[in-house]
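Subject: Structure handover

Hi,

Here's the structure I promised to pass on. Have a look at it first, and my notes on what turned up follow below.

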Amino acid sequence: MIFFTLLRTIKIIIKKQNKIFMKNKILIFFILVSTILLKYNPIYLRIESEQQKAIVIGATSGIGNALTKVLLEKGYIVGATGRRINLLDDLKNNYADIFYTKQMDITKTEDAIKSFNELVQKMNGVDVVVINAGVGFVNPDLDLDKELQTIAVNVTGFVAMANVAYKYFEQRKSGHLVGVSSIAGLISNSIVPAYSASKAFEINYLNSLRAKTCKDNLPITITEILPGFVDTKMINKEEAFWVATPEEAAKQIYGAIINKKNKAYITKRWALVAWVLKFIPYSILNRFL
Ligand SMILES: NC(=O)c1ccc[n+]([C@@H]2O[C@H](COP(=O)([O-])OP(=O)(O)OC[C@H]3O[C@@H](n4cnc5c(N)ncnc54)[C@H](OP(=O)(O)O)[C@@H]3O)[C@@H](O)[C@H]2O)c1
């Protein structure tokens with residue numbers, strides 16, 4: 001009798017223990033899943049408190065145009081700029097409520113800054129500014145006009161836009177500045193000297209702004225985008241490799257934006273090239289560049 005009572009008691013205890021163990025198992029499972037999700041913060045779990053607003057400078061073609069489309073599809077309110085503003089008419093018709101455009105030539109810095117401020121006002125604020133506008137010429141003969149044009153857009157225009165956007169975010173005490181530079185900025189090249197130098201300038205300029213946000217303890221994110229080759233009118237596809245479509249590039253840039261990356265290589269495999277380049281001296285590289 002005593003034996004059977006003991007056995008029953010043991011059975012009850014085991015059952016209870018099992019229940020507790022199962023409950024604990026479920027709890028541990030949920031803790032594990034939430035830790036992983038919080039750490040890796042996947043795109044689909046991002047819940048924005050309010051509709052995000054972005055301005056893309058240089059949105060009329062290529063990478064900027066594809067990124068503009070991605071942002072609109074994701075529900076952003078988007079302001080798009082460029083000189084050939086008529087190229088955005090279709091998007092304007094399709095996304096009338098959330099799409100704003102402003103014609104802008106960033107080499108005319110004073111007008112461009114004024115237009116930027118007007119666009120921000122029209123949109124009632126902006127959270128993300130992408131400086132994508134850029135030009136590049138293959139220039140083995142060092143045609144001075146081409147060199148100066150490159151500097152006017154990629155350096156002077158770039159700084160004007162970074163300056164107005166940064167100051168806006170500074171006084172608002174938040175924001176995200178994204179600059180589209182290039183892998184070309186990591187390496188000199190004999191046939192595109194102004195282009196590679198201007199892209200190196202952009203990388204350094206963005207780094208300096210990031211340092212400033214740290215020093216001033218401001219929650220402003222600065223993202224450098226470094227594309228390799230993207231299939232736009234800027235490149236000769238025949239002579240390029242690992243060429244991404246503008247849509248692929250835009251998707252990856254969007255990923256870098258929402259994950260608030262400091263730096264993103266487009267596509268990711270170009271990170272390997274960037275790494276290898278660090279170890280090869282120019283005394284060797286110059287024979288091939
Ligand atoms: N394609 C590549 O392989 C590659 C690789 C690395 C980096 N990138 C960089 O990616 C960015 C976009 O280039 P993309 O390949 O997409 O070439 P793209 O199709 O020629 O686009 C260039 C964009 O910049 C705008 N832009 C040029 N000059 C401007 C000016 N003075 N004022 C205002 N906007 C101006 C253009 O608009 P409007 O002409 O209408 O003004 C256009 O929207 C550039 O910064 C480029 O250096 C491209």
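(Helices and strands are DSSP runs numbered from the N terminus, with H or I of at least four residues for helices and E of at least two for strands.) Although Lys173 is not a glycine, its phi is positive, at about 65°. For context, most residues other than glycine have a negative phi, and most peptide bonds are trans. Thr267 belongs to the loop between S9 and helix H8 (270-277).

Before you read on: this is a predicted model, where local features need pLDDT of at least 70 and side-chain atom pairs count only at pLDDT 80 or more, while totals for chains, interfaces and linings use all residues. Residues are numbered from 1 along each chain as its sequence is written.

Now the sheet. Seven strands make an open sheet in the order S3-S2-S1-S4-S5-S6-S9, with parallel pairing (two strands pair if DSSP finds at least two bridges between them). Strand S3 (99-103) and strand S9 (263-266) are at the edges with a single partner strand each, so one side of each has no neighbour in the sheet. On average, neighbouring strands are turned by 15° against each other, direction ignored. (Axes are lines fitted to C-alpha atoms, for helices over the stretch in contact, and angles run from 0 to 180 degrees between N-to-C directions.) S9 runs parallel to strand S6 (residues 220-227), and four bridges join them. Glu224 stands opposite Lys263 in S9.

Two helices to look at here are H5 and H6. H5 lies across strand S1 (53-57), strand S4 (128-131), strand S5 (175-180) and S6, and runs at about 165° to S5. H6 also packs on the sheet, where it touches S5 and S6, and its direction makes about 160° with that of S6. (Contact means that the C-beta atoms of two residues, placed from the backbone, lie within 7 Å.)

How do these two helices pack on each other? Helix H5 (residues 144-172) and helix H6 (residues 193-215) have axes 9 Å apart, at an angle of about 15°. H5 and H6 are therefore roughly parallel (under 35 degrees; over 145 is roughly antiparallel, 65 to 115 roughly perpendicular and the rest oblique). The residues in their contact divide into 11 nonpolar, three polar and three charged. (Ala, Val, Leu, Ile, Met, Phe, Trp, Tyr, Cys and Pro count as nonpolar, Asp, Glu, Lys and Arg as charged, and the others, Gly among them, as polar.) Among the H5 residues that meet H6 are Phe158 and Tyr166.

Another helix pair is helix H2 (residues 62-73) with helix H7 (residues 246-258): the axes come within 8 Å and cross at roughly 60°. That makes H2 and H7 oblique to each other. Their contact includes Ala66 and Leu67 in H2, and Ala249 and Tyr254 in H7.

Finally, the ligand. Of the 30 residues around it, Gly58, Gly62, Gly82, Arg83 and Gly134 come nearest (near means a C-beta atom, placed from the backbone, within 6 Å). H2 gives the most to this shell, with three residues, and H2, H5 and strand S7 (229-230) each supply at least two. The shell divides into 13 nonpolar, 13 polar and four charged residues.

Cheers
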